[in-house]
Every structure is written in C-alpha cells, then in structure tokens.
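Please look over this structure with me. We will go through its helices, their packing and a few single residues.

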Amino acid sequence: MTGDGVIGLSRSLILAGTASVVVSLWAVPDAATATLMTEFYQALLKNPDKAEAMLITLKQYPEPRDWAAFTLVGQGE
C-alpha cells in the first residue's frame, strides 16, 4: 500500500467497480461503529440516496466524536 492510506483503498474499490464506500479516516471504537453503521443501513433501506441516509443517521448522533471519522466516497445516490 502506498502512502495514500484510506483514500488509496477507497480509490481502489471505486476503480474495481464499487459505486461508493463508507470509510473511517481514523480508528474508532467498535461499539460506536456498529451502532452507527446499523443506523446508516436502516436509513438506507428507507431512502436509497446514500448521502441523505448518511445525513439522517448523523442527525441522530449530535456528538462529532461519534461520526466525524466517517466519510462517504463515490456516488451519493
């Protein structure tokens, strides 16, 4: 792996054909991640727009420490 880190990994997945990827920019606690991702995928079932589902999920967690590490790379819809 090059010095690109998470961005390089995301780029590789996008180039391989994945429309979008949710990645963490730094280490986050497993329990918080599990809760946040569960909420994200539940919101995604109700609204197929990934960017909107991410925003809906983040509104439920007002503390940036719970969500600031995550970013959506690729297509939002």
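Tyr41 is found in helix α2. This is a predicted model, in which local features need pLDDT of at least 70, side-chain atom pairs count only at pLDDT 80 or more, and totals for chains, interfaces and linings use all residues. Residues are numbered from 1 along each chain as its sequence is written, and side-chain values use heavy atoms, with hydrogens and water left out.

Start with a pair of helices. Two packed helices are described by the angle between their axes and the distance between the axes. Helix α2 spans residues 30-46 and helix α3 spans residues 50-59. Their axes come within 8 Å and cross at roughly 130°. An axis is a line fitted to C-alpha atoms, for helices over the stretch in contact, and angles run from 0 to 180 degrees between N-to-C directions. α2 and α3 are therefore oblique to each other. On this scale, angles under 35 degrees are roughly parallel, over 145 roughly antiparallel, 65 to 115 roughly perpendicular, and the rest oblique.

Which residues of α2 meet α3? They are Leu36, Glu39, Phe40, Ala43 and Leu44. On the α3 side they meet Lys50, Ala53, Met54, Ile56 and Thr57. Contact means heavy atoms within 4.5 Å. The residues of this contact divide into seven nonpolar, one polar and two charged. Ala, Val, Leu, Ile, Met, Phe, Trp, Tyr, Cys and Pro count as nonpolar; Asp, Glu, Lys and Arg as charged; the others, Gly among them, as polar.

Now take burial in α3. Lys50, Ala53, Met54, Thr57 and Leu58 are buried there. Buried means under 20% relative accessible area, exposed over 50%, and partly exposed in between (1.4 Å probe, protein chains only). Why do these residues lie on the same side of α3? They cover an arc of only 135° around the axis. The arc is that of the directions from the helix axis to the C-beta atoms. An α-helix has 3.6 residues a turn, so residues three or four places apart point the same way. The cover over the buried residues of α3 includes β1 (20-24), α2, α4 (64-67) and β2 (70-74).

Helix α1 covers residues 5-15 and holds Gly8. Gly8 counts as buried, at 15% relative accessibility. Its C-alpha atom is 11 Å from that of Val73, 65 residues apart along the chain. Ser10 also lies in α1. Ser10 is buried, at 1% relative accessibility. Leaving aside neighbours within four places in sequence, Ser10 is in contact with Val23 and Val73.

Tyr41 counts as partly exposed, at 48% relative accessibility. Arg65 lies in helix α4. Arg65 is exposed, with a relative accessible area of 67%.

Methods
Helix = DSSP H or I, 4+ residues; strand = E, 2+ residues; numbered from the N terminus.
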